[in-house]
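Please consult the sequence and structure below while reading.

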Amino acid sequence: MKIQERTGAGAGRSAVPAGPSVGDRLPTPPRERKPALAALAVLLILVGALGATMLVLQAGDRIEVVKITEEIPAGQAVNDSNTTSVMVAEDPGIHYVQWSQLDALKKLKAVTTIPRGVVAVGEMFGAEAKVPEGKALVGLSLKEGQYPAGLKSGAAVAAYRVGGTSRSGSGDEGDGGSAGSSGSAGGDSVIVEKAVVSYVQDRKGDELVGSTNLPVTLLVDDAQAAALTQASSNGEVALVLVPGT
């Protein structure tokens, strides 16, 4: 009787095998390795790092060159007071004058007027200045009182004839009035209304050499050069500062 009861109880159970418990995991297939993709990733990282390094190196490839701090008229040279050093990116297509070459540059002349604030390049300098077409450089030797204090290269000036006597003053009294008004032959007349000071000697050290005259070079029109030279040879030139261009 007990055996039948046990059999009847087992008949009600399902024949499907019991599933795995909740805590068990199904086995996963092994991952497929792709060595080619890994190598490509490493290569891209290396290329990126190399490119960044090259950019840093190029940005740091700079040289120290000469910069002009004051305008240098044609025919004049650089010195310690009108130059400074500046760092620029090296460019083989630009003939920069390196700062280490400053002493050699001082022996050359500006072929044309060099404005302030520019970086010096080799084409700006030569053995002598190139006088512009229709212009002339006239040298003067002026005494104190014949030039304004603080005269510098690049200044605009007017040149006057002073200290001379009118060559037409030999006429009679009746002609004296007209003779006195003829300023071209003598008296205090304008020789050059506007000229540019191309060169003026530094007055430092004059006490040592006993110099009393100031050498000045003016850039003037060709037509004015002869009269200015003649007046200068007679010591009859005085300069006055005028508004620049």
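## Pairing around strand E8

In this predicted model, Leu137 stands opposite Leu219 of strand E8. The strand that pairs with E8 here is E5, residues 135–142; the two run antiparallel and are joined by eight bridges.

E8 also pairs with strand E7, which covers residues 189–200; this pairing is likewise antiparallel and comprises four bridges. Within it, Val196 has Leu219 of E8 as its bridge partner.

Strand E8 spans residues 214–221 and is mostly covered, with six of its eight residues buried.

## Overall fold and surface

The protein contains nine strands and six helices. Of its 245 residues, 26% are buried. Where contacts link residues at least 6 apart in sequence, 70% of them join residues at least 24 apart.

## The largest pocket

How much space lies in the largest pocket? The volume is about 770 Å³. Its lining consists of 24 residues, of which Asn79, Ser81, Lys152, Ser153 and Val200 are the closest to the centre.

By residue class, the lining of the largest pocket divides into ten nonpolar, eight polar and six charged residues.

Note on methods: Residues are numbered from 1 along each chain as its sequence is written. This is a predicted model: local features need pLDDT of at least 70, side-chain atom pairs count only at pLDDT 80 or more; totals for chains, interfaces and linings use all residues. Side-chain values use heavy atoms; hydrogens and water are left out. On a 1 Å grid over the protein atoms alone, a cavity is a set of points where a 1.4 Å probe fits but cannot get out, and a pocket is an open set with protein on both sides within 12 Å along at least five of seven lines; lining residues have an atom within 4 Å of a point. Grid points are joined across faces, edges and corners, and a volume is the space filled by probe spheres set on the points. Ala, Val, Leu, Ile, Met, Phe, Trp, Tyr, Cys and Pro count as nonpolar, Asp, Glu, Lys and Arg as charged, and the others, Gly among them, as polar. Buried means under 20% relative accessible area, exposed over 50%, partly exposed in between (1.4 Å probe, protein chains only). Two strands pair if DSSP finds at least two bridges between them. Contact means heavy atoms within 4.5 Å.
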